[in-house]
Amino acid sequence: MYFYWWWGGYLICEAAGKFFYPREVDGWIVLLVAGVALLVNITTSLLTFKAGARSDININAVFIHSASDAVASLVVIVAGVLIINYQLYIFDVIATIGISVYVIFNGAILLRRCMIILMQGVPGGIDIEQIRAALESIEGVKRVGCMHVWQLDDKRSSLKAVSF
């Protein structure tokens with residue numbers, strides 16, 4: 001997860017350097033490399049999505065990484081076209097900053113999911129009071145106290161409760 005933030009920060013520093021010390025960019029090389037990268041990243045995204053990107057946090061991280069790279073490739077292609085046709089080198093800087101913000105955002109999402117697991121937090125979409133009410137509706141259970149619900153991994157949750 002920290003890789004996303006490190007990489008995003010690095011891209012922002014590079015963009016600042018390009019802004020303050022502009023240099024000419026060969027738009028055709030940008031277009032060619034971004035086109036090849038787009039094909040590779042779309043293929044990787046499709047393969048990881050089919051492999052279970054919605055159910056496994058690790059595969060999801062790979063999917064997000066390759067999908068964000070595909071989006072970045074599209075942005076770079078647009079910047080390359082603008083550089084070739086209009087010599088608008090500033091779009092190289094704008095594309096770099098946009099990609100870095102996107103990378104940092106996705107890193108934050110993955111970090112949050114991992115922190116819930118590591119800190120044994122309550123999984124999203126779970127209402128503790130609703131579980132308590134359901135347990136207290138069982139015959140013989142008067143009151144539920146000391147209840148803890150936590151996420152074991154990206155697929156399993158656990159419940160510990162004491163009834164009186």
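**Helix 4 and its end.** I began at Gln120, which sits just after helix 4 and takes a positive phi of about 50°. This is a predicted model, where local features need pLDDT of at least 70, side-chain atom pairs count only at pLDDT 80 or more, and totals for chains, interfaces and linings use all residues. Residues are numbered from 1 along each chain as its sequence is written, and side-chain values use heavy atoms, with hydrogens and water left out. I then checked helix 4 itself: residues 90-118, 29 residues, reaching 42 Å from first C-alpha to last, close to the 42 Å expected at 1.5 Å a residue. (Expected span: 1.5 Å times one less than the number of residues.)

**Elements.** I found five helices and two strands, running α-α-α-α-α-β-β from the N terminus. Helices are DSSP runs of H or I with at least four residues, strands runs of E with at least two, numbered from the N terminus.

**Overall shape.** I looked up the radius of gyration (over C-alpha atoms; globule rule 2.2 Å times the number of residues to the power 0.38). The protein has 23 Å, whereas a compact globule of 164 residues would be near 15 Å. Its C-alpha atoms fill a box of roughly 75 × 35 × 20 Å along the principal axes.

**Cover.** I noted that 33% of the 164 residues count as buried. Buried means under 20% relative accessible area, exposed over 50%, partly exposed in between (1.4 Å probe, protein chains only). Leu88, in the loop between helix 3 (57-86) and helix 4, is partly exposed at 34%. Cys13 is exposed at 56%, and Cys146 is exposed at 58%.
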